[in-house]
Amino acid sequence: LVKAAKGLMSPDFDATRNILTAGHTVIGLVKALPYLDAESGTQAKTRIQVLYDFLQANQNPDGGWGYKDGSSYSFSTAFPTAVSLEALLEANRGVVTSLILKAVEYLLQHQADNGYWDRGRLGSHLATTTWVEIALPTLLDALGVEFQASVTNDLLAEGGFESVHLTWAPVPQAVTYTNYRKPASSDDKAY
């Protein structure tokens, strides 16, 4: 685990070559942090912050991410959006930001009628849907929301820095719940 984390922090490893690599690297380093010595932990936190900033800078206006900014794959799709969402949630240690809410909104608006998320040009329906199913519960855990699987099909999250409004519409009459999330740190940095 330590050796793998050091590989992810190596100057020879270009974690910004595309969105998926950046997201996966953030997730891997965050999960490895408890096992790193102080010096490696500091190095990992620095790398996480750089990649957090990279992901933030490359979010598309629609709230999603494409595979690689500035290429024919820069349009948003669910696969890189779900990986980026999980990475941002992990890096923020459960603090939900407007950046994260935009990503959630993108994913919720792009779920197919059959329940899957479209793979776009990359990945598969299974991989994409699995990453969404990893990221959305991480969001709900961060919000401290108790939920039932049957009410998450039509979930809309919106809000500002102090509260998040979750609207569930499992039936024609929507019910709105307001949940207050953990306060953001004053420096607005991932680590």
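Here is a short chat about the predicted model above.

Visitor: What am I looking at, in terms of helices and strands?
Guide: This is a predicted model. The chain has 6 helices and 3 strands.

Visitor: What pattern do they follow along the sequence?
Guide: The order is α-α-α-α-α-α-β-β-β.

Visitor: How much of the chain is buried?
Guide: The chain has 191 residues, and 46% of them count as buried.

Visitor: What share of the contacts links residues 24 or more positions apart?
Guide: That share is 57%, counted among contacts with a separation of 6 or more.

Visitor: Where does Val2 sit?
Guide: Val2 belongs to helix H1, which covers residues 2-9.

Visitor: Why does Val2 count as partly exposed?
Guide: Because its relative accessible area is 33%. Buried would need under 20%, and exposed over 50%.

Visitor: Let's go to helix H3. What span should it have?
Guide: H3 runs over residues 38-57, so 20 residues at 1.5 Å a residue should span 28 Å. The end C-alpha atoms are 29 Å apart, which agrees.

Visitor: What caps its N-terminal end?
Guide: Asp37 does. One of its side-chain oxygens lies 3.2 Å from the backbone nitrogen of Glu39.

Visitor: Which residues of H3 are buried?
Guide: Among them are Ser40, Gly41, Ala44, Arg47 and Ile48. Further along, the buried residues include Gln49, Leu51, Tyr52, Phe54 and Leu55.

Visitor: What covers them?
Guide: The cover includes H1 and helix H2 (19-32). Helix H4 (78-91) and helix H5 (98-109) are also part of it.

Visitor: One last stop, Thr138. Where is it?
Guide: Thr138 is in helix H6, residues 125-143.

Visitor: Which residues does Thr138 touch, leaving out those up to four places away in sequence?
Guide: Thr138 touches Glu86 and Leu89.

Visitor: What kind of contact does the side chain of Thr138 make with the side chain of Glu86?
Guide: A polar contact, at 2.8 Å.

Visitor: How far apart are Thr138 and Leu85?
Guide: In sequence, they are 53 residues apart. In space, their C-alpha atoms are 9.2 Å apart.

Key. Residues numbered from 1 in each chain as written. Predicted model: local features only at pLDDT ≥ 70, side-chain atom pairs only at ≥ 80, totals over all residues. Heavy atoms only, no water. Helix = DSSP H or I, 4+ residues; strand = E, 2+ residues; numbered from the N terminus. Buried < 20%, exposed > 50% of the residue type's maximum accessible area, 1.4 Å probe, protein only. Contact = heavy atoms within 4.5 Å. Expected span 1.5 Å × (residues − 1). Polar contact = N/O pair within 3.5 Å; in protein donor to acceptor, adjacent residues only side chain to side chain.
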